Amino acid sequence: MSNLIEIKVPDIGGHDNVDIIEVFVKVGDTVAVEESLIALETDKATMEVPSTHAGVVKEVKVAVGGKVSEGSLLVILEVAATATATPAPSSAAPAPALQAAPVAGSHSGAADYECEMVVLGGGPGGYSAAFRAADLGMKTIVVERFSKLGGVCLNVGCIPSKALLHNAAVIDEVKHLAANGIKFGEPEIDIDALRGFKEKVIGKLTTGLAGMAKARKVEFVRGIARFIDPHHMEVQITSGDGKEVTGETKIIKFQKAIIAAGSSVFKLPFVPNDPRVVDSTGALELKSVPKRMLILGGGIIGLEMGTVYSTLGARLDVVEMLDGLMQGADRDLVKVWEKWNSHRFDNIMLKTKTVALEAKEDGIWATFEGENAPKEPQCYDLVLHATGRVPNGGKVGAENAGVIVTDRGFIPVDNQMRTNVPHIFAIGDLVGQPMLAHKAVHEAHVAAENAADHKAFFDARVIPGVAYTDPEVAWVGVTEDEAKKNGINYGKGVFPWAASGRAIANGRDEGFTKLIFDQDTKQIIGGAIVGPHAGDMIGEICLAIEMGCDAVDIGKTIHPHPTMGESIGMAAEVFKGVCTDLPPQKKK
Ligand code: FAD
C-alpha cells in the first residue's frame, strides 16, 4: 500500500519569490528523509530544502530558474502507507521496496559508556568508519566480538588469502623458469612455517590497526553487540576466540551509530560437521594438503583457495551450478585463465549440483546431479564449500532501534548510507553487493562524514572486481557481455599481451587488456584485464571511468615503457585505430 503526498516549501525566513538554482531529484528517484530536493538562492544566502518524507518521486513541480515561496508545491512523493516518515533504501540497498519500520525498543536504565558515535563491527568498513568519525572530532567507540580489529578481510579473507597466493605464485613462477634454462628442485614445503608466515602478516596489520585506533582515541569494546533501542546498545563481553561470552554485559549510550557487522559464510543444509569439510576460514587454516580436493562453488573465493592448494600439491575438482566459472567477468577473460589453469583440475563440473556430502572413514563422498555429474559418488580428502556469503543485518537487534532489515538480512540505506532511522547508518557487506572490502571502506567514509554533519554521498560510478588467481582477472564498469546483452552501442579496444615487449620478457604473454567505450559519447564505460598483476592495473581504468575519459585521453597519456600498464594506453589506441604496436588496423 502506498500514499501520494505533497512536499512543499517550509518556512524560509519570510523570503518570497526565491530563485531555484538547482533541482536535485527527478521522477522515479528514491529519496530519504532529510535528502535535499532543491537549492534556493536569496540575495543573502543559498539554502537546500530537504524532503520531510521518504519515498519515490512521482512528479516534480518546479524547475531551475523558477521561483518559490513558503508553501509552494515542490514534488509529489509516493510513500509507504505504514512508513511515511522513513527514508527509502537507495540503489545501494538490495531490496528497494518500501517496508514498514519495526517498532523500536526503549531503554531507561543507566549506561556504562557514552559516546557520540558507536560503530558495530571492526572490519574494514567498521574501523575505517570509526577512524574517520574520530578524525572528524567525534567521541567514538568501536564494538567487535573478536580481540582484534580487521574483520573478515584482515583476519580470514583478503589478506591471509593473498599471503598464501603470493607464495603459490612464486612457486609456480619458479617452475616456469625451467623453460629459460634455470632449474630448481622440487620445493620443500613446511606447511607450519607457511601458516606462520600468514599469521605474521595478519599480526603486523592488526597490530598496526590497534595502534591507529589508540592514536585516535577510538575506544575498543570487545563483545557481541545488539541494539536495545535507537540510542542504546547492549554488549555481551567476549573472551578467547570470540565465541566465548564472559557473562559480563555493558550498555553503550550513543548519539549516532554505524552498523558494520559484515557477512557470514552461506552453508548448504547438507554440509556435514566434519573437519574435512571447510569454508574459506577453515581452508585458510591450512592444516594439511589433501590429495583430492573438491571446490563447491566456482566463484572467486573458491578458485583463489583452489590455486593455493593445487600449487601445494592437491588435485582439484570444481562443481558449479551455473554454466561458467568466475561469474561476472567476461567469458573471453575466463577462457585465458582456464587455459593456463587446466593442469590443476581433474574435473570442472559446470551446470552441476552437489546434492549430498557424506563423511566416511576414507573421505568425504560427494553425490552430484546435472549435465556434467559423474555417475558415481566421488571421494575427497577435503571439501571447500564456497557458495557465497550472507549479510549479518538480521543478527544485531536492528529492529530494536527501529531499523529496517530485509528478509535476506540486508539493511537498506540511502546514498548517504543512512538507514530509515536518520541517526543510524549502515555500511559494508550488509548493505548489498558487491561484498568487497574497498566498497565497505568507501561507504564507511561517506557514513562517518554524514554522521559528523558533513555532506557526503556514495556516488562512485564503478566498483572494480578482481580474482587474485594466476593469471589475475580484473574488471570494472560495463563488461562486454553485459553491453551485448543490454544492447549498448559500444566499441572496444583490445591489446593482446602477445604484442607487449614486457609481457614477452616476463614469459607471461597469455593475457590481454580490453577497454569498452560508449560509441555515442566516445567515453570509456568499462575495462578488463587478464594477466599477472591485472588487479594492480585496473585502478587506472577505474579512474578513467570516474573522470569520464575518452580514448584520446587514455591513449595520449604517456605510460612508462616497458610496463604492462602500457597495455591500457595501447588498448585505447586500438579503439582509435592508431596503435603502432600491432599490425596495421583497418581504417574506421
Ligand atoms: P567484515 O569484514 O565482515 O567485518 C564485520 C565485523 O563485525 C567482524 O569482525 C565481526 O566479528 C563483527 N561483528 C559482527 N557482528 C557483531 C556483533 N553483533 N557484535 C560485535 N561484532 C560483530 N574483498 C576484497 O575487496 N578483496 C579481496 O581480495 C577479498 N578476498 C576475500 C577472501 C575471502 C576468503 C573472503 C571470505 C572474503 C574476501 N573479501 C575480499 C571480502 C571482504 O573480506 C569483505 O567484503 C569485507 O571484509 C567486508 O567488510 P565489512 O566491514 O562489511 O565486514
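Student: What makes leucine 316 count as buried?

Tutor: Leucine 316 has 25 other C-beta atoms within 10 Å. A residue is buried if 20 or more other C-beta atoms lie within 10 Å of its own, exposed if 12 or fewer, and partly exposed in between, with C-beta atoms placed from the backbone. With 25 such atoms, leucine 316 therefore comes out as buried. Keep in mind that this is a predicted model, where local features need pLDDT of at least 70, side-chain atom pairs count only at pLDDT 80 or more, and totals for chains, interfaces and linings use all residues. Numbering starts from 1 along each chain as its sequence is written.

Student: Which residues is leucine 316 in contact with?

Tutor: Leaving aside neighbours within four places in sequence, they are Met293, Ile295, Gly306, Ser310, Arg344, Phe345 and Asp346. Contact means that the C-beta atoms of two residues, placed from the backbone, lie within 7 Å. Aspartate 135 is another matter: 181 residues away along the chain, its C-alpha atom is separated from that of leucine 316 by 47 Å.

Student: Where is leucine 316 found?

Tutor: In strand S17. Strands (E, at least two residues) and helices (H or I, at least four) are DSSP runs, numbered from the N terminus.

Student: How do you know that S16 and S17 are joined?

Tutor: Two strands pair if DSSP finds at least two bridges between them. Strand S16 (residues 292-296) and strand S17 (residues 315-319) have five bridges and run parallel, so they meet that test. As one example, isoleucine 295 stands opposite valine 318 in S17.

Student: What is the order of the open sheet with parallel pairing?

Tutor: The five strands go S15-S22-S16-S17-S18. Strand S15 (277-278) and strand S18 (345-349) are at the edges because each has a single partner strand, and one side of each is left without a neighbour in the sheet. Helix H6 (residues 300-312) packs on this sheet, touching S16, S17 and strand S22 (382-385), and its direction makes about 165° with that of S17. For such angles, axes are lines fitted to C-alpha atoms (for helices over the stretch in contact), and values run from 0 to 180 degrees between N-to-C directions.

Student: Why is H6 called largely enclosed?

Tutor: Twelve of its 13 residues are buried, so the rest of the structure largely encloses H6. Among the buried ones are Ile300, Leu303, Met305 and Tyr309. The buried residues of H6 pack against H3, helix H5 (280-284), S16, S17, S22 and strand S25 (465-467).

Student: Is isoleucine 554 buried or exposed?

Tutor: Buried, because isoleucine 554 has 27 C-beta neighbours inside 10 Å. Isoleucine 554 lies in helix H12 (residues 551-555) and touches Ile524, Ala544, Cys549, Ile568, Gly569 and Ala572, not counting residues up to four places away in sequence.

Student: What makes helix H13 largely enclosed?

Tutor: Ten of the eleven residues of H13 (residues 566-576) are buried, so the rest of the structure largely encloses this helix. They pack against strand S27 (490-496), strand S28 (512-518), helix H11 (534-546) and H12.
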